[in-house]
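Hello,

Here is the structure I said I would pass on. My notes on it follow below.

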Amino acid sequence: MEVDLFMLVVLGTAITAAVSSSPNLYRTVRKNGFHRELFTKIFIPTSLIDAKCECLIEEQFPPGLYIDPYELKNYREKGGPQFDSPAVDIEKPKELSPNLVFIIYPQQFTAIGPEYVTNVTVPVHIRYHQPSSRYDTVQIQLKNPRLYLLCQVIDKSIQMNKKQFPCNSLDNNCLWTEIKYKTDVINIEFDVPVGSLHHQGSVISVTLAVTIACCLYLSSKMLHTHVK
């Protein structure tokens, strides 16, 4: 009985240590197609940071992905996250688009047991890709974000760089502290279907034939109306 009790105590201590060891970030993508939702959840042990910490996520999007600032503004008006975004041309294909950096401010941390927890959901969109003669699909990889805090970081071992970003109110700049974290995935992957150049001739021929047929039909209708 004493051995069993001892083992339970040791196990409980190990679990507590695992929970309280370091910040953790969990990510997943919701929905399908070219319009998705990126869900991010952050867990930070209460022993590592101050209770009034604010959080900032720096997302670095590759050319094949983007966030629509106007859509995110509508989210904000309905209780969504504060954000800072560059100008985005949502009409450009992937091949003509640059990398983009978005700053997302999740809601305030909530204390849940031994951790502070927050989460944020943002709509993300996949750009159209030019057709290929080699692939039916291509893969886009979204790297994990950089995570920053605005507060006193109690455990200095999780601290990395400091960087100026807009404060949550966006009216001036604050000095944010980047922190280390563990995560369940290295990056988020998106499989994108692309058109085949092998079908180019067929598509052009069919399009031309349909266009000519429509023109002949409309011409005959107009001629018939004029004769009447």
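**Notes on rings, cavity and pockets**

At 12% relative accessibility, Tyr116 counts as buried (buried is under 20% relative accessible area, exposed over 50%, partly exposed in between, with a 1.4 Å probe and protein chains only). This is a predicted model, in which local features need pLDDT of at least 70, side-chain atom pairs count only at pLDDT 80 or more, and totals for chains, interfaces and linings use all residues. Residues are numbered from 1 along each chain as its sequence is written, and side-chain values use heavy atoms, with hydrogens and water left out.

Phe109 is also buried, its relative accessible area being 12%. The structure holds six aromatic pairs (rings of Phe, Tyr and Trp, the last by its six-membered ring, with centres within 6.5 Å; planes under 30 degrees apart are stacked, over 60 edge-to-face, the rest tilted). Phe109 and Tyr116 form a tilted pair, because their ring centres are 6.4 Å apart and their planes are at 55 degrees.

The charged end of Arg30 sits over the ring of Phe39, 4.2 Å from its centre (this requires NZ of Lys or CZ of Arg within 6 Å of the ring centre and within 35 degrees of the ring normal).

Now the spaces. On a 1 Å grid over the protein atoms alone, a cavity is a set of points where a 1.4 Å probe fits but cannot get out; a pocket is an open set with protein on both sides within 12 Å along at least five of seven lines; lining residues have an atom within 4 Å of a point. Points are joined across faces, edges and corners, and a volume is the space filled by probe spheres set on them.

There is one cavity of 30 Å³ or more. The largest cavity has a volume of about 40 Å³, and its lining is Arg27, Leu38, Thr40, Ile57, Glu59, Ile104, Val120 and Val122.

The largest pocket has a volume of about 250 Å³. Of its 17 lining residues, Gly80, Pro81, Tyr105, Pro106 and Gln107 lie nearest its centre. S8 gives the most to this lining, with three residues.

The second largest pocket holds about 180 Å³ of space. Residues lining the second largest pocket include Glu58, Phe61, Asn99 and Arg146.

Regards

Terms used:
Helix = DSSP H or I, 4+ residues; strand = E, 2+ residues; numbered from the N terminus.
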